[in-house]
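Biologist: I would like to go through this structure with you and ask where its labels come from. Could you set each value beside its definition for me?

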Amino acid sequence: WLRVPPRAWFIVGFAVVVLAARGAETLNGEMSAQAQKIVALLTVGISALAWGLALGAWFVVKHPLPNLLAFALAATLGLALIALRAPGRIGPDLFLALACVVTFVDLLWTDSTLIRAKTESEAFAPGREAAEFLSRQPGEFRVYSPSYSLPQHVAALHGLEQADGVNPLQLAATVDFMSRATGVPAGGYSVTLPPFASSDPAAANAAAAPDMRLLGLLNVRYVTAEFDMTAQGLTQIGRWGETRLYENAMARPRAWVTFHAESAPDQASALRAATEGRTAIEGGGALRGSDQPGEAKIIRRGLNSLTVETVVNRSGLLILGEVEYPGWRATVDVQPTNIVRVDGLLRGVPLAPGAHRVEFAFVPGTVIVGAALSLVGLIGLGVILFLLPSSSFPAPGGRS
């Protein structure tokens, strides 16, 4: 939950800030002797816990951890300021100023350990030679790397699309498909596809046996790796240092038409059929024509839209080498049509004989519903603020 878009820590952090503000406001007023004793006890207890964590970690790993020591020191200084402010030994202005200084220094120290400056040439050096070579290849294709040999920012710089990389929010169908396609089992949630069982991406998946037919369905024409690969369909076409470049002879185009497909009751059955080289429509009707694929041409592509043109002389199925993600809508010759899931993951649209223009648009209903609810909430809040009398709001410090 902490690695995906909800970002629960934002809510936690916001709550802490609100509570801290209320605490600072309370410290500006007079406190009873009992409250001062509670503050003193909390100061000693929390400081002891912070130092216990820092020193305990030092003892376990046999060397000091600067971030934990800085945390313990900042916690002690901040709590000491609270302990001095509670009985009124320092004024509120000095207390807030010193608290800001301690917070600023602590954040600056922590952030400085998380940031490392690099020149542009250093940042884009990994995988540069392979990326430059691939950027000169014609046609539309994806690249896959079981060893993260082509970092995402380098691929993006050269206009390359990938079938692997960091993907915090994943569909279960995508994980199942990629587990079979890459030969790397999904042992649980991983922020990357494929996952890496060790801290060394260059070697973690060296023993995996990818299915190049399945990867080919995703338009994977090239594979980069830091180790030798012998999967069926792969031919090595280049090498730069330890980075090998392979071409996949089983790669499909980004869009094509099939005239022969079977019906599968569920995603597992469809994926199993795809592994055996058969096309399967999940929960859909079967096609009994030739298994020779037909051509389709992508004529326009945007961030949230895609248009394909094709001509078929019999009933067929347009297949995109794209994930059938919830929210995509399709029209055939301006008429709305259903999208079916093909081979356990891909997007498919049934076609009648003739020339067709198929348009895809990403229009997620959840976003529309969420925007509508947000608008209703804002309107409701405005009405409440308008109707409430000004005397309903307490003055700072609880004084009215």
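The talk below goes through helices, sheets, a cavity and some backbone angles.

Modeller: Gladly, and first a word on the source: this is a predicted model, where local features need pLDDT of at least 70, side-chain atom pairs count only at pLDDT 80 or more, and totals for chains, interfaces and linings use all residues. Residues are numbered from 1 along each chain as its sequence is written, and side-chain values use heavy atoms, with hydrogens and water left out.

Biologist: Why are α3 and α4 called roughly antiparallel?

Modeller: Helices here are DSSP runs of H or I with at least four residues, strands are runs of E with at least two, and both are numbered from the N terminus. Axes are lines fitted to C-alpha atoms, for helices over the stretch in contact, and angles run from 0 to 180 degrees between N-to-C directions. Helix α3 (residues 66-85) and helix α4 (residues 92-114) have axes that cross at roughly 175° and come within 10 Å. Angles over 145 degrees count as roughly antiparallel, under 35 as roughly parallel, 65 to 115 as roughly perpendicular and the rest as oblique. The pair α3 and α4 is therefore roughly antiparallel.

Biologist: What makes α2 roughly antiparallel to α3?

Modeller: The axes of helix α2 (residues 33-61) and α3 cross at roughly 170° and come within 9 Å, which makes α2 roughly antiparallel to α3. Where they meet, residues of α2 including Trp 51 and Trp 58 face a set in α3 that includes Leu 79 and Ile 82; contact means heavy atoms within 4.5 Å. By class, this contact has 18 nonpolar, three polar and no charged residues. Ala, Val, Leu, Ile, Met, Phe, Trp, Tyr, Cys and Pro count as nonpolar, Asp, Glu, Lys and Arg as charged, and the others, Gly among them, as polar.

Biologist: Why are β13 and β17 said to stand at the edges of their sheet?

Modeller: Two strands pair if DSSP finds at least two bridges between them. Five strands form this open sheet in the order β13-β14-β20-β16-β17, with antiparallel pairing. Here β13 (297-301) and β17 (335-337) each have a single partner strand, so one side of each is left without a neighbour in the sheet. From one strand to the next, the twist averages 25°.

Biologist: How do you know that β16 pairs with β20?

Modeller: Strand β16 (residues 328-332) and strand β20 (residues 354-362) run antiparallel and are joined by five bridges, and the requirement is at least two. Thr 331 sits opposite Glu 359 of β20.

Biologist: What makes the pairing of β6 with β7 count?

Modeller: Six bridges link β6 and strand β7 (residues 243-248) in the antiparallel sense. Their open sheet has five strands in the order β2-β1-β5-β7-β6, and its pairing is mixed.

Biologist: How many cavities of 30 Å³ or more are there, and what makes a space a cavity?

Modeller: The search of the whole structure finds one. On a 1 Å grid over the protein atoms alone, a cavity is a set of points where a 1.4 Å probe fits but cannot get out, and lining residues have an atom within 4 Å of a point. The largest cavity holds about 40 Å³ of space; points are joined across faces, edges and corners, and the volume is the space filled by probe spheres set on them. Its lining has seven nonpolar, two polar and no charged residues. Helix α8 (residues 172-182) gives the largest share, four residues.

Biologist: Which residues line the largest cavity?

Modeller: Among them are Met 178, Leu 193 and Pro 194. A cis peptide bond joins Leu 193 and Pro 194, with omega about 0°.

Biologist: What is the phi of Asp 333?

Modeller: Asp 333 has a positive phi of about 55°, although it is not a glycine. Most residues other than glycine have a negative phi, and most peptide bonds are trans. Asp 333 lies in the loop between β16 and β17.

Note on methods:
On a 1 Å grid over the protein atoms alone, a cavity is a set of points where a 1.4 Å probe fits but cannot get out, and a pocket is an open set with protein on both sides within 12 Å along at least five of seven lines; lining residues have an atom within 4 Å of a point.
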